[in-house]
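My entries follow in the order in which I made them.

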Amino acid sequence: MTPNLDTLFQALADPTRRAIVERLSRGPASVSDLARPFDMSLPAVVQHLGVLEAAGVVASEKVGRVRTCRIEPTALSRAEQWIHARRTAWEQRLDRLGGYLAANPDMPEEPS
């Protein structure tokens with residue numbers, strides 16, 4: 001099952017999780033490496049990673065005693081597509097408004 005956009009955006013709403021995603025965008029990292037810059041316990045970082053995994057943003061693999069995480073670009077691509085569609089719709093609306101205002105320059109202004 002593919003996580004929905006609500007789950008994805010909820011996962012990305014937290015600054016710690018966004019920082020983890022930012023770090024993973026440079027390449028895979030162990031959980032210990034990911035936890036190092038944060039002032040929180042390793043279990044707290046693992047909990048954040050669990051939220052990111054549930055949202056499909058991060059995947060992990062355990063080899064021996066080391067769990068390595070990597071970014072899953074497909075999930076971020078879904079968010080990017082959703083945002084792009086919203087931006088396109090708003091740009092079209094603003095273009096239509098601009099065209100209307102250009103065609104009607106003598107419209108009276110609303111009183112303040």
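I began with His48: leaving aside its neighbours within four places in sequence, I found His48 in contact (heavy atoms within 4.5 Å) with Asp14, Thr16, Arg17, Ile20 and Met40. I note that this is a predicted model, in which local features need pLDDT of at least 70, side-chain atom pairs count only at pLDDT 80 or more, and totals for chains, interfaces and linings use all residues. Residues are numbered from 1 along each chain as its sequence is written, and side-chain values use heavy atoms, with hydrogens and water left out.

**His48**

I located His48 in helix α4 (residues 42-54). Helices (H or I, at least four residues) and strands (E, at least two) are DSSP runs, numbered from the N terminus. I recorded His48 as buried because its relative accessibility is 14%; buried means under 20% relative accessible area, exposed over 50% and partly exposed in between, with a 1.4 Å probe and protein chains only. I then found a polar contact of 3.1 Å between the side chains of His48 and Arg17. A polar contact is a pair of N or O atoms within 3.5 Å; within protein, one must be able to donate a hydrogen and the other to accept it, and residues adjacent in sequence count only if both atoms are side-chain atoms.

**Helix α2**

Which residues of helix α2 (residues 15-24) are buried? I listed Thr16, Arg17, Ile20, Val21 and Leu24. They cover an arc of only 140° around the axis, which puts them on the same side of α2; the arc is that of the directions from the helix axis to the C-beta atoms. At the start of α2, I found a side-chain oxygen of Asp14 within 2.8 Å of the backbone nitrogen of Thr16.

**The sheet**

I traced an open sheet of 3 strands in the order β1-β3-β2, with antiparallel pairing. β1 and β2 stand at the edges, each with a single partner strand, so one side of each is left without a neighbour in the sheet. Two strands pair if DSSP finds at least two bridges between them. I noted 2 bridges between β1 (residues 29-30) and β3 (residues 66-71), where Ala29 stands opposite Cys69. For β2 (residues 58-63) and β3 I noted 6 bridges; in β3, Thr68 is the bridge partner of Glu61, and Arg67 that of Lys62. β2 and β3 form a hairpin with 2 residues between them, and Gly64 in the turn has a positive phi of about 65°.
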